[in-house]
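Hi,

Here is the structure I said I would pass on.

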Amino acid sequence: MTYNVVVVDDQNIPRKLFEMVVNSSSRYRLMYSLDSAAVAHVICERFDVDLVIMDIVMADGSNGLDAAKRIKKHSPGTKILIVTSMVEEGYLKRARDIGIESFWYKETTDSELIEIMDRTMAGESVFPESPPDVMIGRILSRELTPAETDVLREMTTGASNQEIADNLGISIGTVKTHISRILSKTGCPNRTALAIEARMRGLGS
Amino acid sequence: MTFDDMPFMMMSLQCLYALFLLLALFCVIAASIRMRRGAVSYIITSLLILISYGLYEIFNRFMLIKRGTVSTIYAISKLHAIPEWIWLVILFVMTVLTVLMAIDVAYYGKEKLSSNSVKFAVDDLPAGLCIYDKSGRILLMNETMARIGTDITGEYVLSGEQIFSRVDEHSTPLRLSDGSVYTFGIERTNVGSAELTEIIAENITEEYELTERLHRIDEELSSQQKRLRELNVLITEMTIQKEILAAKTSVHDRFGSTMIATKRFIRGASESSPEEIRAIWNKALDLLETAGEPEQKDIYGKVFTVAGYVGVDIDVKGELPAERESGEIIVTALIECLTNTFRHAHGDRILLECTKNEGRNTYMITNNGVAPKTEIQESGGLKNLRQAAESLGWTMEIQSRPTFRLTLTAPYDEGGNL
């Protein structure tokens with residue numbers, strides 16, 4: 001059986017590399033190669049697409065996770081493999097929530113990618129066990145509680161306390177408490193320094 | 001002992017005491033009248049007149065006796081026979097009356113307000129108060145308002161209008177020369193036929209300083225948040241560049257592998273066939289060619305390309321917005337209409353008409369095919385489109401009958417910019 005594949009990446013070279021990987025296997029057929037996640041669902045709705053290989057961050061502002069959510073809504077039979085160099089806890093959690101089948105690092109060999117595609121099409125869900133640990137101030141990112149990580153991730157977007165509270169559905173007092181604890185744990189002098197540190201280390205939305 | 005038998009010294013003292021009581025009672029009654037204790041005052045005054053008359057008679061009698069002319073007043077000739085204890089009772093009654101009246105006045109003065117007590121009370125207020133009539137005549141102004149008025153007008157306040165002219169009805173705070181900050185409330189009321197204006201100045205120095213401080217912190221925070229958002233954009237760009245670099249490294253590695261495979265083939269050490277080596281080279285060159293291609297920068301390119309893939313033609317009449325933010329709105333709208341066209345209308349053509357008139361840019365999107373059977377409900381993509389459009393100050397209208405039509409309207413300035 002040959003699976004129909006759509007590749008979505010805004011950068012020419014990674015897209016071409018994905019195309020090559022797909023074309024290198026007789027089990028897969030490259031249907032379309034798109035340079036924006038914004039239009040991926042259109043193809044999936046119009047055609048029988050078995051697998052979408054998609055990046056997350058696109059230069060045009062579109063986002064692979066948003067596109068995946070829409071694809072899953074209208075074309076639930078289409079399997080999705082997110083391949084990104086930004087493997088973050090937030091992305092992993094959101095991908096699982098959306099129902100994305102697999103999620104893997106972009107920096108991988110062709111054969112590894114084919115293997116993940118095969119496992120995905122066989123009904124397996126392939127995710128990294130955990131995102132890579134990063135140092136934030138004087139601690140490792142895993143030393144933060146999930147709630148603190150959520151607040152910190154919101155902080156990296158430049159959101160105010162009120163916006164963080166609204167986005168996470170918690171009170172502004174709880175947000176302040178979390179921020180205070182994170183500052184204490186990481187040793188960062190203030191929230192701006194903390195947000196920059198976290199963002200620079202790849203912990204962000 | 002009768003009045004006539006009384007020693008001269010004792011008589012004099014009693015008369016002087018009676019006189020003192022009389023004066024005290026008059027003072028107390030005057031205070032009572034001023035406090036509008038009408039009924040009580042009238043009763044006491046009547047009693048006092050009677051007592052005064054009695055005292056006068058006693059005093060007069062006393063004087064006449066002493067001068068030896070007692071026989072001249074027949075009407076009171078018998079008074080000399082009145083026992084002394086009666087006069088003492090009169091004096092006692094007067095004393096009690098005076099004390100009771102004094103207590104009454106003191107108590108009433110504490111419990112009830114007089115115009116002076118109002119003035120004294122408002123003078124102690126930390127807030128400024130000024131009440132004046134239609135002509136500007138000040139009816140009541142406390143010391144705080146007098147001080148504030150002098151400060152903000154630069155002159156002694158003689159008319160309520162002087163203060164009114166310096167404050168507005170929107171409670172804009174004013175800072176005085178001593179650094180204190182006041183906010184002013186103005187209220188107009190009718191008392192009887194008089195139209196009164198009341199100005200109240202409240203000291204908000206502490207709140208104002210705190211608000212100012214909070215404002216400065218907010219500004220600083222907003223600035224930091226803005227910088228963080230900018231940083232986010234930079235980091236996203238950096239991530240993309242990192243991915244490109246990784247991809248280029250991969251191209252480099254593949255070329256390296258190709259070279260090694262070719263070298264081994266030339267040396268005869270490779271098990272690969274010439275066709276396999278050729279295929280490796282073709283891939284490598286294909287990748288190299290891709291690396292040289294420019295990245296897609298046209299914001300409309302993706303939607304026209306995918307429309308072609310799904311078999312829908314998009315015709316554009318007029319000028320598409322060149323500005324990126326506006327262009328993204330149009331692209332999002334076209335994507336929504338594209339899915340609608342093949343999913344519901346089963347059509348194959350979309351028309352986008354761009355017109356510019358009356359200070360507005362209008363973008364109207366229609367499609368062929370089957371018209372919607374029911375009113376279109378905005379959810380998902382259309383809902384997001386409306387949010388995005390309205391965040392830029394655009395308006396969005398959706399028509400379901402007789403055919404589907406999506407209209408986006410954007411205002412533009414005189415220069416034609418959105």
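Before the pairs below, one cut-off: I call it a salt bridge when a side-chain nitrogen of Lys or Arg sits within 4 Å of a carboxyl oxygen of Asp or Glu. Do keep in mind that this is a predicted model.

With that rule, A:Arg27 and A:Asp118 pair up through their side chains, at 2.6 Å from N to O. The two come from distant parts of the chain, 91 residues apart: A:Arg27 is in the loop between α1 (12-23) and β2 (28-34) of chain A, while A:Asp118 belongs to helix α5 (residues 110-121) of chain A. A:Arg27 has 35% relative accessibility, so it counts as partly exposed. A:Asp118 is also in the partly exposed class, at 25%.

A second pair in chain A is A:Asp66 with A:Arg94, where the N to O distance is 2.4 Å. A:Asp66 is partly exposed, with a relative accessible area of 41%, and A:Arg94 is partly exposed at 31%. Over all chains, the search of the whole structure gives 25 salt bridges.

Now for the interface. On the chain B side 42 residues are in contact with chain A, and on the chain A side 48 residues take part. Interface size is often quoted as the accessible area lost when the parts come together. Here chain B and chain A bury about 3900 Å² between them, and 60% of that is on carbon and sulfur atoms.

What about charged pairs: how many salt bridges cross between chain B and chain A? The rule finds 4. One of them joins A:Arg70 to B:Glu336, at 2.8 Å from N to O. There are also 6 residue pairs in polar contact between chain B and chain A, counting those where both residues are at pLDDT 80 or more.

Which elements of chain B give two or more residues to the side that touches chain A? They are α7 (205-266), α8 (274-292), α9 (301-309) and α10 (324-345). α7(B) gives the most, with 19 residues. Sorted by class, that side of chain B has 19 nonpolar, 10 polar and 13 charged residues.

Helix α10 of chain B is worth a look for another pair too. B:Glu328 forms a salt bridge with B:Arg324, with the closest N and O atoms 3.5 Å apart. Both lie in that helix, 4 residues apart, or about one turn. B:Glu328 counts as buried because its relative accessibility is 19%, under the 20% cut-off. B:Arg324, at 41%, is partly exposed. Through shared partners, salt bridges join A:Asp60, B:Lys302, B:Arg324 and B:Glu328 into one network.

Last, a residue in strand β8 (residues 360-367) of chain B, B:Thr366. Is B:Thr366 buried or exposed? With 19% relative accessibility, B:Thr366 counts as buried. Beyond its neighbours within four places in sequence, B:Thr366 is in contact with B:Arg349, B:Ile350, B:Leu351, B:Phe404 and B:Arg405. B:Thr366 and B:Cys337 are 29 residues apart in sequence, and their C-alpha atoms are 7.9 Å apart in space.

Cheers

Terms used. Residues numbered from 1 in each chain as written. Chains lettered and ligands numbered in written order. Predicted model: local features only at pLDDT ≥ 70, side-chain atom pairs only at ≥ 80, totals over all residues. Heavy atoms only, no water. Contact = heavy atoms within 4.5 Å. Buried area = accessible area lost by both parts, 1.4 Å probe. Polar contact = N/O pair within 3.5 Å; in protein donor to acceptor, adjacent residues only side chain to side chain. Nonpolar A, V, L, I, M, F, W, Y, C, P; charged D, E, K, R; others polar. Buried < 20%, exposed > 50% of the residue type's maximum accessible area, 1.4 Å probe, protein only.
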